[in-house]
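Please load the model in your viewer and keep a selection panel open.

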Amino acid sequence: MKYFVGNWKANKNMQETEKWADDFVKIYKPRKYVTLGVCPPAPFLSYLQRRLTDLEGVFVGAQTISTLESGSYTGEVTAKSLDGTVRFTIVGHSERRKHFNEQDADLAAKVTLAKKYNIEPIYCVRDENDPIPAGVKFVAYEPVAAIGTGQNESLDKVLAMKKKMTLPQNCVFIYGGSVNETNISEYLISDEIDGFLIGKASLDPVQFLAIAGLK
Ligand code: PGA
C-alpha cells in the first residue's frame, strides 16, 4: 500500500473547499494499493468527510488535535469531537512545534487521545532526535529544510535518515517536504517509503491526484 496524504495547512475558505471537492470527485479513480488522505482546516472536515465518504480509498484527517480530552476549553478541537468524522490526524508537524510551541509531552498526549477515539495518528518527526511515542504506527519524516521550500530531500538522504531513526516495528514510513508531480517518481522506485505528506501540491486536486498516479 502507498499512502498519499494532503495537508492543506491554513489555506482555503468554504467556497474554495467546495470547488476542490467538485474537481476531485470528477477526476478521482480508485486504484488498488493506493490510499489517499486529505487534511483540510478543521472547519471543513465534516463537509469533506460527507462529500468524499463514498469514494473508495479516500479518508479525511485532521491537521492536529487538542492535548485535552473535553470540557471547559473554549475553542479546542478535540479527538472526542472528531471521533466519527476523521480516520486519522497529523500530530507534531514541525509548524505546530515551531509556531505553537508544541512539546514532546503534548504530542504524546495527543497520540493517546487520538487512539482512544479511534483516530490514527500520523506522527511527524524532523530527524532522528524527535522521540516517537508508543503506539504510533505511521511516522512521517519531514526535514524542515524541505518543507515549503521546493527543495525536496533526495531519496538517498531520506533512506539514510530512516536507518538512523528508532522506528516502531512494522511502521508505515512516510516522507514529506516539497513532494510534487515531477519528483515523486524519484521516491516511488523505493519500497522503503510507504507514503508521502504533501503540502502545497495537494491544494490543487489535479496535481494531488497526479502525484498519486490517479489521474
Ligand atoms: P510541502 O509541505 O509539500 O508544501 O513542502 C509538506 C508538509 O508540510 O507536510
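**The ligand and its pocket**

Select the ligand, which sits in the second largest pocket; a pocket is an open set of points on a 1 Å grid over the protein atoms alone, where a 1.4 Å probe fits and protein lies on both sides within 12 Å along at least five of seven lines, and a molecule sits in it if more than half of its atoms lie within 2 Å of its grid points. This is a predicted model, in which local features need pLDDT of at least 70, side-chain atom pairs count only at pLDDT 80 or more, and totals for chains, interfaces and linings use all residues. Residues are numbered from 1 along each chain as its sequence is written, and side-chain values use heavy atoms, with hydrogens and water left out.

Now show the polar contacts (pairs of N or O atoms within 3.5 Å). A side-chain N or O atom of Lys9 is 2.7 Å from a ligand oxygen, a polar side-chain atom of Glu142 lies 2.8 Å from a ligand oxygen, and at Gly148 a backbone N or O atom lies 2.6 Å from an oxygen atom of the ligand.

Finally, zoom out to the protein, whose C-alpha trace spans about 50 × 40 × 30 Å along its principal axes.

How values were computed. Polar contact = N/O pair within 3.5 Å; in protein donor to acceptor, adjacent residues only side chain to side chain. 1 Å grid on protein atoms, 1.4 Å probe; cavity = no way out; pocket = protein on both sides within 12 Å on 5 of 7 lines; lining within 4 Å.
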